[in-house]
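Please have a look at the sequence and the structure first.

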Amino acid sequence: TTTVGVRVELDHRAATAVGRTVHAQARLTEVDGRRLSFEVRVTDGAETVADGRVERILVDRRRFVERATRTA
């Protein structure tokens with residue numbers, strides 16, 4: 001199996017200077033059947049510059065790749 005993204009909700013909280021390194025963290029918060037929900041946080045040093053949620057769905061990898069190559 002693999003996962004595919006179905007929803008991204010991200011709130012931008014602060015600017016980051018060009019060239020500065022940011023770090024993203026995701027924490028699995030819920031499993032509902034094949035649906036996985038994550039809380040995400042992006043930081044620039046000690047400051048949170050973005051946060052939100054990401055949802056992904058577990059799918060059969062072989063079937064997904066077959067369908068993706070048919071539409072390409």
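This is a predicted model: local features need pLDDT of at least 70, side-chain atom pairs count only at pLDDT 80 or more; totals for chains, interfaces and linings use all residues.

Let me begin with Asp44, which lies in strand S3, residues 35-44, where strands are DSSP runs of E with at least two residues, numbered from the N terminus. Residues are numbered from 1 along each chain as its sequence is written, and side-chain values use heavy atoms, with hydrogens and water left out.

Is Asp44 buried or exposed? Asp44 counts as buried because its relative accessibility is 9%, and buried means under 20% relative accessible area with a 1.4 Å probe, protein chains only. Its side chain makes a polar contact of 2.4 Å with that of Arg20, the term being a pair of N or O atoms within 3.5 Å, one able to donate a hydrogen and the other to accept it, and residues adjacent in sequence counting only if both atoms are side-chain atoms.

Turning to the sheet, it is open, with four strands in the order S1-S4-S3-S2 and antiparallel pairing, where pairing requires at least two DSSP bridges between two strands. The edge strands are S1 and S2 (23-32), each pairing on one side only.

S3 and S4 are joined by ten bridges, among them Val40 with Gly52 and Thr43 with Thr48. These two strands, S3 and S4, form a hairpin with two residues between them, and Gly45 in the turn has a positive phi of about 75°.

How values were computed:
Buried means under 20% relative accessible area, exposed over 50%, partly exposed in between (1.4 Å probe, protein chains only).
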